[in-house]
Amino acid sequence: MSALAHFVEVILPIPLKGTFTYRVPRDMENVVQTGMRVVVQFGRRKLYTGLVLQKHDRPPTAYQAKYIVDVLDEEPVVTPSQISFWQWMHTYYMCHLGDVMNAAIPSGLKLSSETRLAIHPDYTGETEDLDAEEMDVVESLQHKPFLTMEDIAKVVRKTHVLHVVQSLVKKEVVAQYEELQHKFKPKIEIIYRLAPWLEDKEKMAEVFDALNRATKQLEALMQFIQSSKTGKEKGVVRRTVLIKDNGISAAAIDQLVKKEILIKEEREITRLVDTDAWATENITLTEHQQTTFDELKKQLSDKKVALLHGVTSSGKTEVYIRLIQEQLAASKQVLYVLPEIALTAQIIQRLQKHFGEDVGIYHSKLSDNERVEVWNKQLGEEPYKVILGARSALFLPFKELGMVIMDEEHEHTFKQHDPAPRYHARDAAAYLCKQAEAQLLLGSATPSLEAYYNGMRQKIGLVQLTERYGGIQLPHIEICDLKLERKAQTMKGPFSSQLLQRIGETLARNQQVIIFQNRRGYSSFIQCNSCGWVPDCINCDISLTYHKYSQDVRCHYCGHADKVPHVCPNCQSTYLKTKGFGTEQIEEELSVHFSEAVVARMDMDTTRGKHAYTRIISDFEDQRINMLVGTQMVTKGLDFDHVGLVGILNADQLLNYPDFRAYERAYQLMAQVSGRAGRKGRRGLVVVQTSEPQHFIIEQVVRNNYHGMYLSELDQRKLFRYPPFIKMIRITLKHRDRDKVDAAADALAQALEPIPDKMLLGPEYPLVQRIRNKYNKHILLKMGGPNIGQRKEQIFDIIQKINAEKEFRSVYFQPDVDPM
Ligand code: ADP
Ligand code: ZN
Ligand code: ZN
């Protein structure tokens, strides 16, 4: 580094434009490096952890640079390629570097003045390692649940305390208070070892003699000895192996412990991996899969990006596994991204069978400590070779990234909506791969139109896998005409007689049923039967959804909840009716229709707890549940063996959604949920309830004709100028005051006028105008032609200029590039 480098550019975790220049004190000059965290003062009193983007020798012109307060790291925690990834994201998605940093780094690496600290639950009270200041902090934390940075500053009588805190966090004496609030308890397992005195063969023989008449204990001991030899961990046997797997009596084991023959220990099961599932397994690809695999490899090496379009259950995952094996053999790392954290549970087991300890998991539901743990491991000498994660895993450091696999590529959850950066994981992965010279593999049974289009015009590779594994046929799809059933008055609530009959038949065969309804809650709303009054949210322009279980009406936009009304406030009528069926009511009614069946529900309301989702899935897998009612959560790549029937309650709802992607999405949802039917053995059945049986999309679903859907949708997109033919940017403006939002939107629209080659739509109110007490207004830009990047820069500048005007400073301006 140049001897002149007395300044650093620092990214701060705040949504402000640009980076900030700080002066480097003499004694830190040789220490500080790009990618290290530094403590700096911003504003009057606030201290932040920022990240060094660059060292240089240019003093800022507009302000007097402050000195950095401290350097937190001995080694960089962010690599140069991560920083350029952030910069790309900042430019592409029109957001601030600080926003990207916030999304990228686990909060454990981001202490700030707002951080609150508490004693770490595992801290034993050991004081040997602590210096005087640290002791003081620990001392005062004994009397208070938490301390803020400011409190700590008072305790140690210093202004700059991040270093002290950092050290205490590192020693696991304190931890972030917020973090501890939802830290989950370590999972404990019980294991047994043989007592050391029994290594003596004679003693052992004596024990066997002594146990001669205690048959149960003898059996337990013999099983222990056998398992301790055959298990993966020699000499150790888990309690569950003895009791659950081998039917040994718990009392007998306890007796052996009491007699000091076995030693009982408790240990924490590592949170990151479940060693249970390990056992190397080798899969032989079918001929068709092998051809696909070879073709994919060729296309990937030619085009760097390829799409695997494979029907549900065709063995895409097996093909991925083979590709991962090849990457690892070439000493490369693989990132496997899934749209839903919940899906990782099923896939992780399959991956661990092949890659054991080489697989790490990373997503936002891990505790912050766990995320920091993975992050640091990836920076270290022995990083995980395979990372399985949600979109946030793209932000991890990789040393030798060889491939990114993005399964269920079409899923909308790959796009982050809020807060900024509003990035799409697919596009971010494409950048990441280009940068690392890695390959990107997209996979789906129902690809996104964008990816398929690129495949069709050979911009990326495209490989088809059209057969299900094991010769299983795709399900037969029956269309139920709701108009006819209504006319014949054979509907029972939301169910047609046809669907009820099919459910009955399926249950009678001991097969399982999935019912898909894309609406949670009990009913869509409650309505007064006399005057038509509907309870609305006080914060949003939307009616409240009735939730019977929690006995309230709730807003699905802001979470606001009210008591269930029993009298209409308008006309005092007590005749209030529920309208529209949500998953809760469907679950309830199915239990009435099929009283002997166990019905469960999977939606956002039943899967809030950390393990709730996994529990429902495993109960369903193990057939403790006969019928599962769910929202689109049930459509997502889950692999069940005994589902005979899938019912789609209301296809009209999907088709009539006001969005240019509605048909594509409806097709994807219906095809995906159908794919859950009939995996092993028998051919599955799907019943689709609709009042438009002749609808083009329904027909394509029946014929499993993705290509047909694609062609017709592509025509529409071209005709009406939508992606992939043009690029869209949606700017949302928000403010409490409606006039203000109107004025700001008009000003922005006018300022955007000079941007060349664009279509500007709006400003207009979205369907729901007011959300969380803020009025929303949209401006939609459609742009074609080259140099979009340049125009985007101009647009972002204009937005910020308008936002900086005095009267619009309080308005939120949220650009969303490639909105979904
Ligand atoms: P997809 O990812 O396309 O939905 P999967 O990879 O999950 O398909 O395969 C569906 C089922 O078939 C899984 O249970 C999988 O283990 C099994 N399977 C697929 N290919 C093979 C193979 N070549 N050998 C053995 N089992 C296979
Ligand atoms: Zn009324
Ligand atoms: Zn609301």
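## Zinc site of ligand 2

In this predicted model, the zinc ion (ligand 2) is held by the SG atoms of Cys528, Cys531, Cys568 and Cys571, at 2.3 to 2.4 Å. The angles that these four donor atoms subtend run from 103 to 114°, which makes the arrangement tetrahedral; the criterion for four donors is that all angles lie between 85 and 135 degrees. For reference, the ideal angle for four tetrahedral donors is 109.5 degrees.

Along the chain, the donors of ligand 2 follow the spacing C-x2-C-x36-C-x2-C. Cys528 belongs to strand E22 (residues 523–528), whereas Cys571 sits in the loop between strand E25 (561–563) and strand E26 (576–581), so the pair ties together parts that are 43 residues apart in sequence. Cys528 counts as buried because its relative accessibility is 3%, below the 20% limit for that class. Cys571, with a relative accessible area of 33%, is partly exposed.

## Zinc site of ligand 3

The zinc ion (ligand 3) is coordinated through SG atoms of Cys537, Cys540, Cys555 and Cys558, at 2.2 to 2.4 Å. Here the four donor atoms subtend angles of 103 to 113°, and the arrangement is therefore tetrahedral.

The sequence spacing of the donors of ligand 3 is C-x2-C-x14-C-x2-C. Cys540, in the loop between E22 and strand E23 (545–547), and Cys555, in the loop between strand E24 (552–554) and E25, are 15 residues apart, and the pair links distant parts of the chain. Cys540 is buried, with a relative accessible area of 1%, and Cys555 is buried at 3%.

## Surroundings of ligand 1

Ligand 1 is surrounded by 16 residues, of which Thr284, Gln289, Ser313, Thr317 and Arg350 are the closest. By class, the residues of this shell divide into seven polar, five charged and four nonpolar. Helix H12 (residues 316–329) contributes the largest share of the shell, three residues.

On the side-chain side, an N or O atom of Tyr469 is 3.3 Å from a nitrogen atom of ligand 1. Taken alone, ligand 1 exposes 550 Å², of which the protein buries 83%.

Methods:
Residues numbered from 1 in each chain as written. Chains lettered and ligands numbered in written order. Predicted model: local features only at pLDDT ≥ 70, side-chain atom pairs only at ≥ 80, totals over all residues. Heavy atoms only, no water. Near = heavy atom within 4 Å. Polar contact = N/O pair within 3.5 Å; in protein donor to acceptor, adjacent residues only side chain to side chain. Areas by Shrake-Rupley, 256 points an atom, 1.4 Å probe, with all protein chains shown as cover. Helix = DSSP H or I, 4+ residues; strand = E, 2+ residues; numbered from the N terminus. Nonpolar A, V, L, I, M, F, W, Y, C, P; charged D, E, K, R; others polar. Donors = N, O, S within 2.8 Å, 3.2 Å for Na, K, Ca; no water. Tetrahedral: all angles 85-135°; square planar, octahedral: opposite > 155°, others 65-115°. Buried < 20%, exposed > 50% of the residue type's maximum accessible area, 1.4 Å probe, protein only.
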